[in-house]
Amino acid sequence: MKKKVTLRINGQDYELTTEPHRSLLDVLRNDLGLTGTKKGCDAGDCGMCTVLVDGKAVNSCLLLTVEAKGKEIITVEGLAGVEELHPLQEAFMQYGAIQCGYCTSGMLLAAKALLDERTNPTEEEVRRAIAGNICRCTGYVKIVDAIMALAGS
Amino acid sequence: MMKNLSSMGRSLPRLESVEKAVGAAKYTVDMALPGMLHGKIFRSPYAHARILKVDVSKAAGLPGVRAILTGQELAKISKPYGPVVRDEMGLQSEKVRYVGDEVAAVAAVSEEIAEEALHLIDVEYEELPALLDPEVALQLGAPQIHEGVERNKVWSAHIGVGDVEQGFKEADRVFKRRFVTSKVTATPPEPHAALASYNRYTGELTIWTSSQCIFYTRLELATSLGLSEHKVRAVAPAIGGGFGHKVDGMYSTDLCAAVLSMRTGCPVKIVLTREEETMATRTRHSTIRDVEVGVKNDGTIIAYCEKTIVDNGAYTSFGPGVAQLTEATAPGPYKIPNLHLHADLVYTNKAPGGAFRGFGNPQATFARESILDEIAERLGVDRIQFRLKNAVDPSDLPYVTPLGYELQTCGVKDCIERSAAAIGWEEKSQD
């Protein structure tokens, strides 16, 4: 029994029809072509599917699409402006915080959620903010450095 | 000359950084082609069993299912493969050898329908005793996991230098310890995935796959399917980690996607779930290591003997290389004149071991450094000084290792001394 849903993603409205059991992650990736959000485990453990829902970092594999209506959703595709990248994206590139890139979108959004809430976090607070995001390549140091570079700015 | 170089000596962003930072980099899992079908693999729930009967009729009747491939059918059109020992088939037709071993593959119009079709496949098995302990698998009379491989020993590696028996006679003390290292998966963030598209009019196969060795992919697909290499185009897009687990080039995922595409005339994409990734892809080889070390009272190591069982898992992959390297790296950076290092690679009914960063070195290093710590303590000497006494020194260069490699540089002592200083070893070791 498909349901009609309007989702507000990256400031744009998307009208779609979907079965109520489908996760926001699957709809983003398969129906809307927004493949920047990744599926790492589909079980809420790895954080690679992180999106912002009304400013909060959420595992989109655990959110039903129908639950996401009426909310402001931000995916990695919504970070950069028309002319320039988001400062977090610039910092990640500059600090070598991106290797295979699979955890990157989740990390960026978790970091954005933190910095939007507190402009000058401590390193401890940064580490806690990304505690739900697993990285298998970098060892986290450069990711933390990149986020800390924006703390207090 | 150095000051005019545009790249060397400079810190520059990696070329692919921007695409990854904005979420535009395309991984195999992100790709789609018009008319694409979704594939899923049917796996054995048993660790060791004979396949008696495979009935796919109910699954084939499910609306939306476009093709089902069985091991029997695949055996008619493909040849066994493997990097060293060709003991793998994309789908099994006679026997399954670990929980997760591939038995059939389905292509359907959606992932959900393909998944549902798996539940409708009926397979009759005759369960066989499962060998999960390599020491048990190695015993005389143990059931053969692969026909003709006696005691399940598929490979051996041996390194001998000097005279280890004499070395133990001359030693003041001999220490013995058994070490067991575990089976680990690298857990690459992006699971194994393949999107295959066969053009039946030109006979050309194109495959996009999360592969670390794309030339192996092309070679293995061509060889296994009897295609000319120039008719196979293999593309490695952005890859979400591999760490060795994606080095074999061709896996069941790739072969099944390719053949299903040939069957249906449509592109076919297969993406493993995290459960499948953990259960049924390569791992680091676990090992059982019996180490014996002979030392003089002044702390000189004069004999090192190691007998290792390397747990191959159900298929061989890069096992022989791992068995060889795990012994070649056993003495580490220490000047030990008498060595007897032996490894047996043994099949068990578990997921296959394969390449995983370290390739046998981490296992050997763990055992060696652990026993060196113990020896230092029993001799009453400082653990760092004990290592510095035996390690290759710059004045020894060029130094020829047991395998015959000539070390032209060796900074191990520098590393040990600086690391010890960085953690405050002197003060902390007084306690």
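Reply: Let's start with B:Ser17, which is buried, its relative accessible area being 4%. B:Ser17 belongs to helix H1 of chain B, and if you skip residues up to four places away in sequence, it touches A:Met93 and A:Ile98. Keep in mind throughout that this is a predicted model.

Now the contact as a whole. Chain A brings 23 residues to it and chain B brings 25 residues. Between them the two chains bury about 2000 Å², with 53% of that on carbon and sulfur atoms. On the chain A side, the residues that lose the most area to chain B are A:Met93, A:Tyr102 and A:Arg136, which together make up 30% of what that side buries.

Take A:Tyr102 to begin with. The count over all chains is five aromatic pairs. One of them is A:Tyr102 with B:Tyr27, an edge-to-face pair at 5.1 Å centre to centre and 85° between the planes. A:Tyr102 sits in the loop between helix H2 (87-94) and helix H3 (104-117) of chain A, while B:Tyr27 sits in the loop between helix H1 (17-21) and strand S1 (37-43) of chain B, so this pair joins two chains. Buried or exposed, what is A:Tyr102? A:Tyr102 counts as buried, because its relative accessibility is 1% and the cut-off for buried is under 20%. B:Tyr27 is also at 1% relative accessibility, so it counts as buried.

For a pair inside chain B, look at B:Tyr46 and B:Tyr125: their ring centres are 5.1 Å apart and their planes stand at 70°, so this pair is edge-to-face. It ties together distant parts of the chain, 79 residues apart, with B:Tyr46 in the loop between S1 and strand S2 (49-55) of chain B and B:Tyr125 in strand S6 (residues 122-127) of chain B. B:Tyr46 is partly exposed at a relative accessible area of 29%, whereas B:Tyr125, at 17% relative accessibility, counts as buried.

Then A:Arg136. This residue lies over the face of B:Phe243, 5.6 Å from the ring centre. Chain B has an arginine over a ring within its own chain, too: B:Arg284 lies over the face of B:Phe356, at 4.0 Å from the ring centre.

As for the elements, H2 and H3 of chain A are the ones that give two or more residues to the side that touches chain B.

One last stop in chain B is B:Val154, in strand S7 (residues 153-161). B:Val154 is buried, with 18% relative accessible area. Leaving out neighbours within four places in sequence, its contacts include B:Val85, B:Asn312 and B:Tyr347. B:Ala351 is 197 residues away from B:Val154 along the chain, and their C-alpha atoms are separated by 16 Å.

How values were computed. Residues numbered from 1 in each chain as written. Chains lettered and ligands numbered in written order. Predicted model: local features only at pLDDT ≥ 70, side-chain atom pairs only at ≥ 80, totals over all residues. Heavy atoms only, no water. Phe/Tyr/Trp six-rings, centres within 6.5 Å; stacked < 30°, edge-to-face > 60°. Helix = DSSP H or I, 4+ residues; strand = E, 2+ residues; numbered from the N terminus. Buried < 20%, exposed > 50% of the residue type's maximum accessible area, 1.4 Å probe, protein only. Lys NZ or Arg CZ within 6 Å of the ring centre and 35° of its normal. Contact = heavy atoms within 4.5 Å. Buried area = accessible area lost by both parts, 1.4 Å probe.
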